[in-house]
Amino acid sequence: MRKRLFSGARIVDPARGLDAVADLLVGEDGRVLDVGPGLRRATGSAAGGEVEVVPCSGLVLAPGFVDLHVHLREPGQEYKETIETGGRAAAAGGFTTVCCMANTQPVNDNASITRFILERAAEAGLCRVLPIGAVSAGMRGERLADIGEMRAAGAVGFSDDGLPVMDAHLMRRALEYTRTFGAPVIAHEEDRCLGCHWAMHEGEVSTALGLPGIPGAAEDVMVARDIVLAEDTGGWLHVAHVSTARSVELIRRAKERGVRVTTEATPHHFTLTHDAVRGYDTSTKMAPPLRPPGDVAAVVRGLADGTIDCIATDHAPHSRVEKEVEFELAANGVIGLETALGLTLGLVRAGHLGLSQAVALLSTRPAACFGIEGGRLAPGDRADLVLFDPDAELLVDPAQGHSRSRNTPFGGWTLPGRVRRTVLLGRDTFSGVPDAGV
Amino acid sequence: MSFARKDLVGIADLEEHEILTLLDTAERFRELNERPIKKVPTLRGRSVIHLFLEPSTRTRTSFDIAAKRMSADTFSVGGVTSSAVKGETLLDTARNLHAMRPDVIVVRHKMAGTAALLAKALPCSVINAGDGFHEHPTQALLDALTLRQRLGGFEGRTVTIVGDIAHSRVARSNVILLTRLGARVRVCGPRTLIPPGIEALGAVACDRLRDAIEDADVVMMLRIQQERIDQGGHYFPNTREYSRLYGLNLDTMRRARPDVLVMHPGPVNRGVEISPEVADGPWSVILDQVTNGVAVRMSAMYHVMGADRAEAAVQRGADR
Ligand SMILES: [Zn+2]
């Protein structure tokens with residue numbers, strides 16, 4: 001690969017507090033060689049045709065986005081998504097790293113499945129895929145999965161996501177056992193005793209629609225339980241997709257006490273309220289469910305003040321077969337990789353976040369949260385990059401998406417910002433439109 | 001005075017004038033139903049499919065009689081004969097039925113939102129005969145018709161609905177309709193069966209039956225279902241205790257106004273939510289409700305099929 005010079009971009013690298021128009025030079029090994037103003041002149045005279053120049057004026061150049069929570073459905077449910085189609089969606093959304101959940105078929109509860117996922121991701125070459133192993137064998141919540149072997153094979157965390165670990169004793173042991181491996185237990189917090197056949201958040205909207213609801217407390221009691229267990233065991237709890245005001249507050253207090261707890265929030269939970277369910281559109285059905293405005297505001301505040309470590313999409317593709325049915329029967333989940341940037345920039349537009357903060361929540365902080373290399377643009381770092389136009393707009397057309405599934409509640413929305421180019425270790429994995437970078 | 005909708009999915013969708021239009025037309029049909037010869041040719045050549053995917057004898061019969069009184073052809077799909085049990089999706093079932101070109105599909109389903117789903121997917125009219133805990137618009141309309149006949153109007157009146165509000169589409173549709181027409185609505189039952197945010201629909205929640213029925217012009221009792229306890233919802237300990245706390249009997253009736261009207265959407269659990277003396281007593285308008293059910297359903301079918309507009313066009317032609 002030739003050296004590549006990304007020239008004249010607004011470089012936003014929150015890890016170093018950098019937000020300035022400059023150039024970025026990528027070496028033949030796909031790593032950052034240099035960042036600074038005037039590199040074009042320097043390299044132009046020295047290297048001549050050896051350097052490919054990518055003009056970037058008007059674009060933001062940031063570390064490629066890192067998503068700690070996606071469902072890629074392979075192996076087993078390739079009709080919904082594959083590692084390749086999910087990787088394409090990730091690249092189109094500006095992501096260079098995604099962590100994929102274990103609820104495949106078969107479940108990623110042993111090292112051979114972990115290795116299979118890594119091999120398929122390497123073949124696809126569209127983004128770095130880091131597998132998350134199951135906490136319990138078969139995600140049945142009965143006994144621990146092969147945590148140590150999966151860790152050795154490359155798993156970055158452990159989760160029965162999609163299902164809560166209802167057995168407190170098993171959760172305690174998982175938090176204890178994973179300490180040795182320095183990996184988080186990622187918890188889908190939902191007390192199923194407080195709502196088993198629910199379809200949405202329990203509140204005035206569920207009452208108006210006549211849909212069975214689950215209260216916010218079902219999330220809160222599990223967050224509280226797991227914080228206590230993390231505190232006692234010294235284990236690392238990562239709360240997946242936090243969605244209620246009280247859970248955010250529980251996590252804030254726990255962090256203040258020094259409990260090892262981290263968390264993430266999804267774009268749909270910081271954007272939509274439970275009012276979006278009116279009309280019974282099954283693309284508004286997910287777990288946890290959309291919450292009332294007070295919870296949404298608390299999630300936004302948690303992102304702004306750093307209580308919530310990062311944004312994660314919980315990209316959860318489902319086919320029409322699972323979604324074009326009665327609301328109560330519809331599968332939980334929405335896709336999110338291609339709308340994450342726009343919805344996050346929505347928070348910037350609304351004045352809740354600065355641009356650098358938004359980039360941090362999508363890149364720097366998720367990488368740091370899981371200890372993943374990436375999310376920074378210093379010399380020597382991986383040249384995992386995203387170039388986006390913050391002033392362009394994206395009209396969301398689910399049919400034009402790169403995912404194999406179309407279950408988004410944002411179809412027809414106009415979102416701020418457009419990804420123009422995504423770069424993985426120096427190579428383009430997505431190049432948006434002909435006018436990119438001009 | 002108009003009703004220009006293709007469907008009748010829920011009371012929540014309707015403007016006050018649309019509700020009044022449906023009630024006024026039902027009034028006309030009610031008179032018709034008292035004549036010796038009850039059949040009119042209004043919907044001759046039209047066809048109605050009753051798609052009942054949840055057991056119901058009463059509502060289905062009421063819709064069927066309503067359609068036949070207007071000379072529509074009716075077809076019934078549901079229960080064991082439906083393909084829903086064979087793994088076909090609801091939308092496939094509905095699209096297949098629509099391919100046979102009915103004018104109206106009357107649908108009952110145990111899940112909320114199903115009538116809306118069909119109304120959106122199908123070009124023909126859809127009437128909601130009850131979708132889960134969501135709405136049962138024709139029940140609320142027949143209740144309103146019954147009350148309007150007895151009370152003259154709704155302004156300043158208080159209606160108390162007692163029972164399992166959480167799992168009741170009848171309660172939801174009635175709360176919305178009655179408050180929209182100017183009545184005050186109280187809901188009463190164990191706190192476990194009062195859904196959160198019911199106030200947002202316009203109702204006031206009451207804990208105790210005696211407070212709830214005091215000064216009420218109308219008390220509407222809802223059926224209490226043993227299944228709710230059996231399914232482990234932990235709503236109340238047993239029907240005996242429920243009956244003691246929330247049942248309407250001659251003793252509790254002493255707290256009510258002497259001219260109070262007692263309603264029940266049926267089927268009645270005698271001795272549980274209502275004692276036989278009250279159900280059959282002078283306050284009871286339960287059988288009026290059933291009679292009005294046919295008239296209201298005739299009105300609903302008449303309006304969603306645009307028969308009102310067709311008749312108006314004929315009328316304009318004749319006037320010219
Ligand atoms: Zn989850």
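This is a predicted model: local features need pLDDT of at least 70, side-chain atom pairs count only at pLDDT 80 or more; totals for chains, interfaces and linings use all residues.
Attention now turns to the aromatic rings. A pair of aromatic rings is described by the distance of the centres and the angle of the planes. Over all chains, the structure holds nine aromatic pairs. One of them joins A:F65 and A:F388, whose ring centres are 6.4 Å apart and whose planes make an angle of 45°, so that the pair is classed as tilted, the class between under 30 degrees and over 60. A:F65 belongs to strand β6 (residues 65-70) of chain A and A:F388 to strand β16 (residues 385-395) of chain A; the pair therefore ties together parts that are 323 residues apart in sequence. A:F65 has a relative accessibility of 0% and so counts as buried. A:F388 is likewise buried, because its relative accessible area is 0%. Ring pairs also bring in A:F95, which forms a cluster with A:F65 and A:F388.

Most residues other than glycine have a negative phi, and most peptide bonds are trans. The peptide bond from A:Q105 to A:P106, however, is cis, with omega near 0°, and A:P106 is situated in the loop between β7 (95-100) and α3 (111-124) of chain A. A cis peptide bond also runs from A:A287 to A:P288, with omega near -5°; A:P288 is situated in the loop between α9 (267-271) and α10 (293-305) of chain A. A positive phi, near 45°, is found at A:L425, a residue other than glycine. This residue, A:L425, sits in the loop between β17 (414-424) and β18 (427-431) of chain A, and its relative accessibility of 32% means that A:L425 counts as partly exposed.

Chain B may be approached through its domains. The domain assignment gives domain 1 (11-135 + 290-309) and domain 2 (137-287) of chain B. Taken over C-alpha atoms, the centres of these two domains are separated by 25 Å. The contact between them takes 33 residues from domain 1 of chain B and 27 residues from domain 2 of chain B.

Individual residues complete the picture of chain B. B:H303 is part of helix α12 (residues 286-304) of chain B, and B:H303 is buried, its relative accessible area being 3%. The side chains of B:H303 and B:T25 make a polar contact at 2.6 Å. Apart from neighbours within four places in sequence, B:H303 is in contact with several residues, including B:F3, B:R5, B:L22 and B:D308. Elsewhere, B:R297 lies over the face of B:F63, at 5.0 Å from the ring centre. Finally, B:D215, a residue other than glycine, has a positive phi near 65°, and B:D215 is located in the loop between α7 (209-213) and β8 (218-221) of chain B.

Conventions. Residues are numbered from 1 along each chain as its sequence is written. Chains are lettered from A and ligands numbered from 1 in the order in which they are written. Side-chain values use heavy atoms; hydrogens and water are left out. Rings of Phe, Tyr and Trp (its six-membered ring) pair if their centres lie within 6.5 Å; planes under 30 degrees apart count as stacked, over 60 as edge-to-face and the rest as tilted. Helices (H or I, at least four residues) and strands (E, at least two) are DSSP runs, numbered from the N terminus. Buried means under 20% relative accessible area, exposed over 50%, partly exposed in between (1.4 Å probe, protein chains only). A charge sits over a ring if NZ of Lys or CZ of Arg is within 6 Å of the ring centre and within 35 degrees of the ring normal. A polar contact is a pair of N or O atoms within 3.5 Å; within protein, one must be able to donate a hydrogen and the other to accept it, and residues adjacent in sequence count only if both atoms are side-chain atoms. Contact means heavy atoms within 4.5 Å. Domain bounds come from an automatic or database domain assignment.
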